[in-house]
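Open the model in your viewer and keep the selection tool at hand. Each stop below says what to pick and what you will find there.

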Amino acid sequence: MKKKGEMKKVKKVKDKVHDGEHDDPWWWLILNGIKPSFLCISIFALLVRFAVGLHPYSGANTPPKFGDYEAQRHWMEITLNLPPKDWYRNSSVNDLSYWGLDYPPLTAYQSYIHGVFLKTFDPDSVALFTSRGYESYIGNLLMRWTVLSSDVLIFFPAALYFVFLYSIRLGTGRNSDVAWHISMVLLNPCLILIDHGHFQYNCISLGLTMAAIAAALSQKDLVASVLYCLALNHKQMSAYFAPAFFSYLLGKCLKNKNPLVEVTKLGLMVIGTFAVVWWPYLQSKEAALAVLSRLAPFERGIYEDYVANFWCTSSVLVKWKKLYTTQSLRIFSLTATLLTCLPSMVQQVHAPSSKGFLYALLNSSFSFYLFSYQVHEKSILLPLLPLTLLALEERRLLLWLTHFAMFSLLPLLHRDKLILPYMALYSLFIVVYFAPGGPGGRCNESKTLDHSQKKTGRGMEFISFITFHPLLMGFLGLCSLILHVIYLTMHPPNSYPFLFEAVIMLICFSQFVLFTLYFNSKQWMLSKHLTSKDNQKKLI
Amino acid sequence: MELRESPRSPAGVKQLFWFFGIATTVKLLLIPAYHSTDLEVHRHWLAIAHSLPLSQWYYDETSEWTLDYPPFFAYFERFLSIFANLIDPRIVHLHHGLNYKADSAIYFQRISVIISDLFLLYGVHISTRNLASLKRYLVWVFVIWSPGLLIVDHLHFQYNGFLFGWLLLSISFIAQGRDLMGGFLFAVLLCFKHLFAVAAPVYFVYLLRHYCRGGLVRGFARLSVLGAVVVAVFAAAYGPFVYYGQIQQVIRRMFPFGRGLCHAYWAPNFWVFYIMLDKGIAFLLRKFGFNIPAPVASFTGGLVGDASPFAVLPQITPMTTFIMVLLALSPCLFKTWRDPRPRLIARSVAYAYTCGFLFGWHVHEKASLHISIPLALVAVESLEDAKHFFLLSVVSCYSLFPLLFEAQEYPIKVLLLLLHTILMWFCFCTLFPKNSKGSSRTSAVEQWFKLGWVAKSYLLGVVVVEIWGQFLHPYLLGDKLPFLPLMLISMYCAIGILYSWIWQLKRIIMLS
């Protein structure tokens, strides 16, 4: 089988001029240039999102607290009917214990705009008090369409811009690879399921982050910092990327002739953006502090449910919540997060580079996912974003991480009754990933790439050997497949009602740790590789 | 000139499944979407086929959805009901299953359609395996990713993909010169769904002239072989019912002529103009003071029945429509008689379905798929075919829009049509590129794919009609004239189909 493939490859190289791309089922589309394929893939991605929207959302028909859908709707109700000052304040009209607003002001503004939209077409759905738990055919559609419009207005353009820029900057060459890349970003199953199935607006903050990354890669650092601040002000979870942005921009400033001016410029930009977004709450210290305290709900504990991070997994052995106070746990998690971020930050401050920046984003978000306080399963979307951006570099790992990210979301999506779209989107991802003639189908090539890079370091080789040994991969893949079936068909033993969740968490955690190690070492190898190249250049 | 790839290359199959895989995931996602009463119809048929003995299938009146498809389809339902019974016995229960809307029933039926589409895949594979890879991909885009099939089968709910598999297989066998096999498959198809019978005259004439030629003795021998095959197929289907002496009842169920000339929503065909003409004349005559009584059964009220719905113009009977279909078909039959050629069979079949669609009795808008699916096979043959197919495909898909009338599916159907149109556009742009090696220089005719201003403005009109129906009409007129948007859609699409009919006729006559 393999030999046949190799022979075909040889033949393919020979007549690349005539028939080279005919293996690729979409070459006729790509032949027309990259824009038509962007257009078609975007429309298709939109269609898929609409189709996912037909399925249930989180907390559908489950009074009294419902789910994330009700939270978002409630925020629209609050922001629409109350003045900005009362949004974050507990009062007789704003009961914060019922889905109180706990995201930064940009989310509140977005809720307000969407609230206006809902009010024009279905006023009942955002009426103060009476609309709690409101569920109707048209209201549901309108809510779904607010997510879709945010996606189309923010995430899609950012993704198209990034991929377009990336293909030019880093010269990936083949148009079909670019088309494959864009479909990997736009058809990522996890993001679609969480936003359009479960119901959230991650597309906004992730889209803003992606736009910021693209701006940073095209040397528009000021724009990048503004966009990133906006992302941060939409969801505080975007802070997962903060170390990478900070160190990359700092590193670039330091390379400049007068670093102090550059740093001041960036600082002013950041402060200015924050000031504009926080304007209604800057009138008094209490108001600002009230908002801040809403954003950091430490009382909710160090972890929730069964998230595949360090604290939750290790709690099988060490009962963190019983042994330590919230205060000390906060310090523990902060220290652990910063310590694990540090290597990648140092690397970026030392040698900022486009590729290194993308790896730094990956590493810092993984550190936060694994070690920070109050992590949610859904936060796996954050490490997943930089990896989809690196799809062409890390083809196999993209597949592997998407697999485990999906797996870690399984209990959540099962609760939301989203198993059918889970399976459909996962198969769609696999089908698109392994498009005949596309980069995913050509894994042999990436293998040779790995070989050339293996020479760069022993540690790398070892980690790569452990993580990506075909036997281990096969075994884990089989395990997770069997676990899927078990989870969906069987009841856990009564004495351990969350046994399956715990096993899923353990498997995913083990993989995420390996990913973190691998990407960290890769980032460092990158700088070694670069510096040695630079040295060579200097010598010449 | 054409780069011929080795037939049945494994790579081709891989790509075929890639196309199918993408379509399948979308179909899976659409499972919870709106479905018409056809879902309950087919569920009830599962119950009939499972719970009743064969002798009562066509007599059952437990539900208003009596079995009105030919026996092979009933056997097919019997086959499916075995699995349905394993999954949830209530699906196939004659009484408890009535209007059963549990997830198990919906999932089972939806997934059965998705799986039966494998047959369509096989049909497409066989009929495109000798094409160059580019043309093959394009046909796959048109058929496997057909928005019309998706809307009718996977949203509205029917098993057309499966049936078109048989049709495409039959056409491709005939195109390859294997007439007997083609005739056999068509006979089987007829025993699945009799609506396909409109193309039977074409098949009959073609097989008579192409297969049964070569002298009197040989011709007669072949005719008897062919006849034996067809009789055998029909015997397999109807034999048991003949044995029980129920054949009349079966036929009565299959041809319910009491349903009226037009469906509640008028299919975009010739009769739309007839009705409009009638209304126009009646309106004018009333203006001039004549006393014209309003018809008992009105079309716009959605009421259908035996009473004459026309105020002035003569009543239309099933016989009239039958004769008109045959008349419209006769040039094609004549041509086939004179010169039966394998290459033209797909066109002739599509033309026959166009005639049936335009002039038939109680035509459903879904039948426009019968035109666009076979034509997809010939759309890649020449530039003119491509242009025609582009227009026809858009119109045929757009005419299906009223099937999905709920807000939830609105964006889905619009995006499906939009994506299809854009994909089709780029498909043809690749097939007929602008800088085609110098040939365009010498000839005065432009060789690359582009649409004339008539076609462009017609397609733009589709957008206008849609915007009027969806947004302007409710805004400007409110609840007044509620039938107007649908009437506009069927009239506008009828113009397109009428054009397509004339174009196809011209094409068949001109092609020698």
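**Stop 1: a residue that touches both chains**

Select Leu428(A). Not counting residues up to four places away in sequence, Leu428(A) touches Val48(A), Leu187(A), Ile22(B) and Thr25(B). Bear in mind that this is a predicted model. Colour helix 21 of chain A, residues 419-433, and you will find Leu428(A) in it. Is Leu428(A) buried or exposed? It has 24 other C-beta atoms within 10 Å, and 20 or more are needed to count, so Leu428(A) is buried. Leu428(A) and His198(A) are 230 residues apart in sequence, and their C-alpha atoms are 18 Å apart in space.

**Stop 2**

Which residues does Ala159(A) contact, leaving aside its neighbours within four places in sequence? They are Ile182(A), Val185(A), Leu186(A) and Met210(A). As background, nonpolar side chains tend to be buried together in soluble globular proteins.

**Stop 3: chain A as a whole**

Show chain A as a cartoon. Chain A has 25 helices and 0 strands. Of its 540 residues, 48% count as buried. Now look at the contacts in chain A between residues at least 6 apart in sequence. Of these, 75% join residues at least 24 apart.

**Stop 4: two backbone details in chain A**

Zoom to Pro63(A) and Pro64(A). A cis peptide bond joins them, with omega at about 5 degrees. Pro64(A) sits in the loop between helix 4 (34-52) and helix 5 (68-81) of chain A.

Go on to Gln219(A). Its phi is near 65 degrees, a positive value in a residue other than glycine. Most residues other than glycine have a negative phi, and most peptide bonds are trans. Look for Gln219(A) in the loop between helix 10 (202-217) and helix 11 (221-234) of chain A. Gln219(A) counts as exposed, because it has 10 C-beta neighbours inside 10 Å.

**Stop 5: where the chains meet**

Select both sides of the contact between the chains. Chain B gives 34 residues and chain A gives 31. Which elements of chain B give two or more residues to the side that touches chain A? They are helix 1 (10-29), helix 5 (133-144) and helix 17 (410-431) of chain B. Helix 17 of chain B gives the most, with 12 residues. Colour this side of chain B by residue class: 27 nonpolar, 6 polar and 1 charged.

Stay on helix 17 of chain B and pick Pro411(B), which lies in it. With 19 other C-beta atoms within 10 Å, Pro411(B) is partly exposed. Then draw a C-alpha to C-alpha distance from Pro411(B) to Leu484(B). The two are 73 residues apart in sequence and 22 Å apart in space.

**Stop 6: helices 19 and 20 of chain B**

Select helix 19 (residues 453-476) and helix 20 (residues 484-510) of chain B. Their axes come within 9 Å and cross at roughly 170 degrees. Helix 19 of chain B is therefore roughly antiparallel to helix 20 of chain B. Show the side chains where they meet. Helix 19 of chain B brings residues including Tyr458(B), Val465(B), Trp468(B) and His473(B), and helix 20 of chain B brings residues including Leu484(B), Pro485(B), Ile489(B) and Tyr492(B). By class, the contact has 9 nonpolar, 4 polar and no charged residues.

**Stop 7: helices 8 and 9 of chain B**

Move to helix 8 (residues 179-192) and helix 9 (residues 200-211) of chain B. They pack at an angle of about 160 degrees, with their axes 11 Å apart. Helix 8 and helix 9 of chain B are therefore roughly antiparallel to each other. Their crossing is left-handed. Among the contact residues, pick Asp179(B), Phe186(B) and Leu190(B) from helix 8 of chain B, then Tyr203(B), Leu207(B) and His210(B) from helix 9 of chain B. The contact divides into 7 nonpolar, 2 polar and 1 charged.

**Last stop: His362(B)**

Finish at His362(B), in the loop between helix 14 (345-359) and helix 15 (369-378) of chain B. Its phi is near 50 degrees, a positive value in a residue other than glycine. His362(B) is partly exposed, with 18 other C-beta atoms within 10 Å.

Terms used. Residues numbered from 1 in each chain as written. Chains lettered and ligands numbered in written order. Predicted model: local features only at pLDDT ≥ 70, side-chain atom pairs only at ≥ 80, totals over all residues. Contact = placed C-beta atoms within 7 Å. Helix = DSSP H or I, 4+ residues; strand = E, 2+ residues; numbered from the N terminus. Nonpolar A, V, L, I, M, F, W, Y, C, P; charged D, E, K, R; others polar. Axes fitted to C-alpha atoms, helices over the stretch in contact; angles between N-to-C directions. Parallel < 35°, antiparallel > 145°, perpendicular 65-115°, else oblique. Left-handed = near helix turned anticlockwise from the far one by under 90°. Buried ≥ 20, exposed ≤ 12 C-beta atoms within 10 Å, placed from the backbone.
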